[in-house]
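Please read this note with the model open beside it. The points are brief and can be checked one by one.

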Amino acid sequence: MYIDSHCHINFPELAERLPQIFEKMAQNRVTHALCVSVDLPDFPQVLELAERHPNVFASVGVHPDYEDTPEPSVEQLVRLADHPKVVAIGETGLDYYRLEGDLEWQRARFRTHIRAARETGKPLIIHTRSASADTIRIMREEGAGSDAGGPAGVMHCFTETLEVAQAAMEQGFYISFSGIVTFKNAKALQEVAQAVPLERMLIETDSPYLAPVPRRGKTNEPGLVMHVGEFLAQLKGVPAEQLAHQTSENFFRLFAAARAQ
Ligand SMILES: [Zn+2]
Ligand SMILES: [Zn+2]
């Protein structure tokens, strides 16, 4: 069994054909999916999906790329996270690639999420792009990691260096690989994946984006996380069954609220 630890099945291109999405998951033995919030207005839809489908979980958070959207407070995130199907806070983090200028608001928003995660004990889903030094620094300053009494979490859709992965793992974080690791030109990332222990690895689609080989360029969906898993198993020289089992085990260890359901 595989688990898609990060998808956006509430986005229109997927939400309008959910029956096929679930059928594909079953075909490919993808048992669960975590549907990740990107802003507050979309959270009710994400939660509704999780309430309606026993094998879908939700998170609550505001993505760093969303500039013109209601800003969350710690109290608000804590209140919205108080639901059995909300297993994580995020996605949050820093993205200096998409946006330019004074991004102090991004860093403030990131700190808000970490504080909410500490208060609820629910793990963080962290997005970082062209901002790894500030991301790791703020994680440390706010005590996001289990080493500092925080709930830790996952560095999602990981595309950074091994040093960044190690700095996150030292804080108790997991590293999640998406379809990007299957791309031909992703040699550096494949080396990182080789060095990340299986016990710290998650897999994801980040669908509808980033479809893995052999579906690169098409609309992605949770069922295709199987291709990410099979690729990583081959890369690490372990049976696909072992990688599937271990990453699923990791998912439930990290998102402990999901295990109870
Ligand atoms: Zn992201
Ligand atoms: Zn995402």
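The notes below go through the model point by point.

1. Basis. This is a predicted model, in which local features need pLDDT of at least 70, side-chain atom pairs count only at pLDDT 80 or more, and totals for chains, interfaces and linings use all residues. Residues are numbered from 1 along each chain as its sequence is written, chains are lettered from A and ligands numbered from 1 in the order in which they are written, and side-chain values use heavy atoms, with hydrogens and water left out.

2. Helix 9. Helices (H or I, at least four residues) and strands (E, at least two) are DSSP runs, numbered from the N terminus. Helix 9 covers residues 225–236, 12 residues in all. From first C-alpha to last it reaches 17 Å, close to the 16 Å expected at 1.5 Å a residue; the expected span is 1.5 Å times one less than the number of residues. Just after this helix, G237 has a positive phi of about 65 degrees.

3. Which of its residues are buried? They are V225, M226, H227, V228, G229, L232 and A233. Buried means under 20% relative accessible area, exposed over 50%, and partly exposed in between (1.4 Å probe, protein chains only). The buried residues pack against strands 1 (2–7), 2 (30–35), 7 (174–177) and 8 (201–203), and against helices 8 (187–195) and 10 (240–254).

4. Largest pocket. It holds about 420 Å³ of space. A pocket is an open set of points on a 1 Å grid over the protein atoms alone, where a 1.4 Å probe fits, with protein on both sides within 12 Å along at least five of seven lines; lining residues have an atom within 4 Å of a point. The volume is the space filled by probe spheres set on the points, with grid points joined across faces, edges and corners.

5. Pocket lining. The largest pocket, with about 420 Å³ of space, is lined by 19 residues, and the closest to its centre are R98, H127, R129, D206 and L210. Strand 4 (86–95) and strand 5 (124–129) are the elements that give two or more residues to the lining. Strand 5 gives the largest share, 3 residues. By type, the lining divides into 7 nonpolar, 6 polar and 6 charged residues. Here Ala, Val, Leu, Ile, Met, Phe, Trp, Tyr, Cys and Pro count as nonpolar, Asp, Glu, Lys and Arg as charged, and the others, Gly among them, as polar.

6. D95. This residue lies in strand 4. Neighbours within four places in sequence aside, D95 is in contact (heavy atoms within 4.5 Å) with P64, D65, L103, Q106, H127 and R129.

7. P123. It sits in the loop between helix 5 (104–120) and strand 5. P123 is buried, with a relative accessible area of 5%. Its contacts beyond four places in sequence are V87, A88, I89, P151, A152, G153, L254 and F255. P123 and F255 are 132 residues apart along the chain, yet their C-alpha atoms are separated by 6.8 Å.

8. Aromatic pairs. How many aromatic pairs does the structure hold? There are 5. Rings of Phe, Tyr and Trp (its six-membered ring) pair if their centres lie within 6.5 Å; planes under 30 degrees apart count as stacked, over 60 as edge-to-face and the rest as tilted. The rings of F57 and F251 have centres 6.2 Å apart and planes at 35 degrees, so this pair is tilted. F57 lies in strand 3 (residues 56–60) and F251 in helix 10, so the pair ties together parts 194 residues apart in sequence. F251 and F255 form another tilted pair, 4.9 Å centre to centre with 55 degrees between the planes.

9. Aromatic cluster. F57, F251, F252 and F255 form one cluster. Both F57 and F251 are buried. F255 is buried too, at 0% relative accessibility.

10. Backbone points to check. Most residues other than glycine have a negative phi, and most peptide bonds are trans. A152 has a positive phi near 60 degrees. It lies in the loop between helix 6 (132–142) and strand 6 (153–155), and is buried at 3% relative accessibility. C157 has a positive phi near 50 degrees. C157 lies in the loop between strand 6 and helix 7 (162–170), and is buried at 12%.

11. Cis peptide bonds. The bond from S207 to P208 is cis, with omega near 15 degrees. The bond joining V213 and P214 is cis, with omega about 15 degrees. P208 is in the loop between strand 8 and helix 9, and P214 is found in the loop between strand 8 and helix 9.
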